[in-house]
Amino acid sequence: MKLRFIYPAFNRHAEDHPELLDVVPCDEYFGPPSLGIASLAAVTPSSWDFDFRDDRFEDIGLDDDIDVVAISTFTPSAKRAMEIADAFRARGKQVVLGGVFPSNMPDVAAEHATVVVGEGDGIWPQVLVDAARGELLPRYEATELVDVNTLPLPRIDLYLDKECDAYRPSDYPVQQSRGCPMKCVACAIPNSLGRRLRPMPIEHIVGQVEQLAKRGKLASLTEDTGLFPGAPQRHTRTFVKALLDTGREAPVSYLGTSMPLILASDGALLDEMRASGIRMFYLVGGFDPITRQAFNRQHPRQRQRAVDAIRKANDHGIEPYTSFLLGNDDDDEGSFDEMLAVADEAGLKKAEFAIRTPYPGTSDWYEMVAQDRILHRDWSKYNDANVVFQPAQMSPERLLQGYLDTWRGFYETRQSLSKLDARERTIQF
Ligand code: B12
Ligand code: SF4
């Protein structure tokens, strides 16, 4: 039986707003896919003959001789994913849709394909048994969380083997854990990957890093849960120690975290991270109390905490690459300038700006639906680069303009970034 995995195209910030390329002095390129397909490929029985196509830069082979098509999609690519599903179905193929979007909007996805809700690894072998018989059910639900101790390494080689002039990322995601117990109103993770934080075994994380290092690639430590106080932070410390023990600079591009977690972290841990070679944090913004309140001039303490968090990371030699989310209900027209002022005051070098997007399945989404503030359901615009909801304190047009102005305002005084080496100047936007 022949199986094809497909990663559908979606628009990045610079594709929706190419004028940003004139001002942002950083590298922009196709980032790697999520680990969804690599994880499923790793648990696909050897009786299946499978391949992988990346719709962003190659033909997906609509008329090829294949039996089953497995599409992995998050919200920005959902519209395209459903178009692809329809096209294969019209040719008589069995099609399965999984990932963050189908997990949160199963009824919408089910109009186009068989849907898998939640973590795919556990249920995938059963889906394939049914597919081999030509008896796919309309929907499968991962009712139990996967035991991360049993997971094989993701088949990241599927992505690496695709590298070409159009696609050559410098880093690839590495998972340190699955799931999250927090309830950030704008986050889709607890619904798609579960509410229990399950740290991967250290050998598994090191194995993921090593399989990338062997191919000359850096690991992006994407989960923003690693500095949670208690067991998660101890786990991260053990992992950092394992990196230190290798005696060479860690092949890591960044570690994801947030401002409150930096402030709550022991300085000695940050020093150990820097010593191991972790040179950058990716600071998720707009989900935590600091970044939700720091920019509206009503909460001077939170503003100061934002400055302190950025400075603390810098003081420990770790670049705090910050993602600012624009358009929270507390934000008004003055918030754009306030973000720029905080960035200058704290000495921030690299940042990205994202428009708040109420992703389906999040509490933000349900609240906006209840308040009738969703402007449309064109999922291709749900990519943090377009306004898809009615902001509380300004018009949608003003929010979009503020987003473009903030990108420009931040980078027009930081053109010297373009002279840094590729690793220092790279952001994916
Ligand atoms: C790496 C990453 C990226 C990469 C890859 C994108 C991608 N397709 O996910 C890049 C850098 C491109 C990216 C970009 C963005 N991202 Co991102 N990203 C991630 C991150 C940190 C890790 C993804 C990953 O590897 N996960 C691990 C794998 C194993 O999980 P998974 O993909 O969900 O797969 C599992 C299941 O979903 C399922 N499954 C998946 N596919 C399939 C397919 C089939 C057939 C089946 C059966 C099952 C199945 O099984 C898998 C294994 O259990 C996640 C957070 C996270 N922890 O997941 C956010 C996340 C996916 N990103 C998110 C967002 C919002 C964005 C941006 C819009 C943000 C921004 N600031 O601009 C941009 C995209 C658009 C743009 N304008 O550029 C949101 C998605 C929200 C949503 N509802 O869709 C997430 C969930 C973060 C969050 N906290 O909410 N991102
Ligand atoms: S934003 Fe981070 S901390 Fe909040 S629920 Fe999502 S994964 Fe957890």
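Trainee: Which elements each supply at least two residues of the shell around ligand 1?
Mentor: Those are α2 (36-42), β3, α3, β4, α4 (100-104) and α8 (189-193). Keep in mind that this is a predicted model.

Trainee: How many residues surround ligand 1, and which are the closest?
Mentor: There are 43 around ligand 1. The closest are S34, G36, S72, G98 and G120.

Trainee: How does the shell around ligand 1 divide into nonpolar, polar and charged?
Mentor: Into 21 nonpolar, 17 polar and five charged residues.

Trainee: And ligand 2, which residues are around that?
Mentor: C180, M182, C184, C187, I189, P190, D224, T225 and F287. By class, the shell around ligand 2 has seven nonpolar residues, one polar and one charged.

Trainee: Back to β3. Why is it largely enclosed by the rest of the structure?
Mentor: Because five of the five residues of β3 are buried. The cut-off for buried is 20 or more other C-beta atoms within 10 Å of a residue's own.

Trainee: Which residues cover the two faces of β3?
Mentor: V68, A70 and S72 lie on one side, V69 and I71 on the other. They are all buried.

Trainee: What order do the strands take in the sheet with β3?
Mentor: The order is β2-β1-β3-β4-β5-β6. The sheet is open, has six strands and pairs in parallel. Its edge strands are β2 (49-54) and β6 (139-141), and each pairs on one side only. On average, neighbouring strands are turned by 20 degrees against each other, direction ignored.

Trainee: What packs on that sheet?
Mentor: Helix α3 (residues 75-90) does. It touches β1 (2-7), β3 (68-72) and β4 (94-98). The direction of α3 makes about 165 degrees with that of β4.

Trainee: How many bridges join β1 to β3?
Mentor: Four, and the two strands run parallel. I6 has I71 as its bridge partner in β3.

Trainee: And how many between β3 and β4?
Mentor: Five, again in the parallel sense. Here I71 has L97 as its bridge partner in β4.

Trainee: What about β5 and β6?
Mentor: Strand β5 (residues 114-117) pairs with β6 over three bridges, in the parallel sense. V116 has Y140 as its partner in β6.

Trainee: New topic. What is the strand order in the open sheet with β7?
Mentor: β7-β10-β11-β12-β13-β14, six strands with parallel pairing. At the edges are β7 (171-174) and β14 (351-355), each pairing on one side only. Neighbouring strands are turned by 25 degrees against each other on average, direction ignored.

Trainee: How many bridges between β12 and β13?
Mentor: Strand β12 (residues 280-283) and strand β13 (residues 319-326) pair over four, in the parallel sense. F281 has P320 as its bridge partner in β13.

Trainee: Which helix lies across β13 and β14?
Mentor: Helix α17 (residues 396-411), and it runs at about 175 degrees to β14.

Trainee: Last one. At what angle do α10 and α12 pack?
Mentor: About 30 degrees, with their axes 9 Å apart. That is α10 (residues 231-245) against α12 (residues 267-276). The crossing is left-handed.

Trainee: Which residues meet there?
Mentor: From α10, R237, V240, L243 and L244. From α12, L269, E272, M273, A275 and S276. By class, this contact has six nonpolar, one polar and two charged residues.

Technical notes. Residues are numbered from 1 along each chain as its sequence is written. Chains are lettered from A and ligands numbered from 1 in the order in which they are written. This is a predicted model: local features need pLDDT of at least 70, side-chain atom pairs count only at pLDDT 80 or more; totals for chains, interfaces and linings use all residues. Two strands pair if DSSP finds at least two bridges between them. Axes are lines fitted to C-alpha atoms, for helices over the stretch in contact, and angles run from 0 to 180 degrees between N-to-C directions. Two residues are in contact if their C-beta atoms, placed from the backbone, lie within 7 Å. A crossing is left-handed if the near helix is turned anticlockwise from the far one by less than a right angle, and right-handed if clockwise. Ala, Val, Leu, Ile, Met, Phe, Trp, Tyr, Cys and Pro count as nonpolar, Asp, Glu, Lys and Arg as charged, and the others, Gly among them, as polar. A residue is near a molecule or strand if its C-beta atom, placed from the backbone, lies within 6 Å of it. A residue is buried if 20 or more other C-beta atoms lie within 10 Å of its own, exposed if 12 or fewer, and partly exposed in between; C-beta atoms are placed from the backbone.
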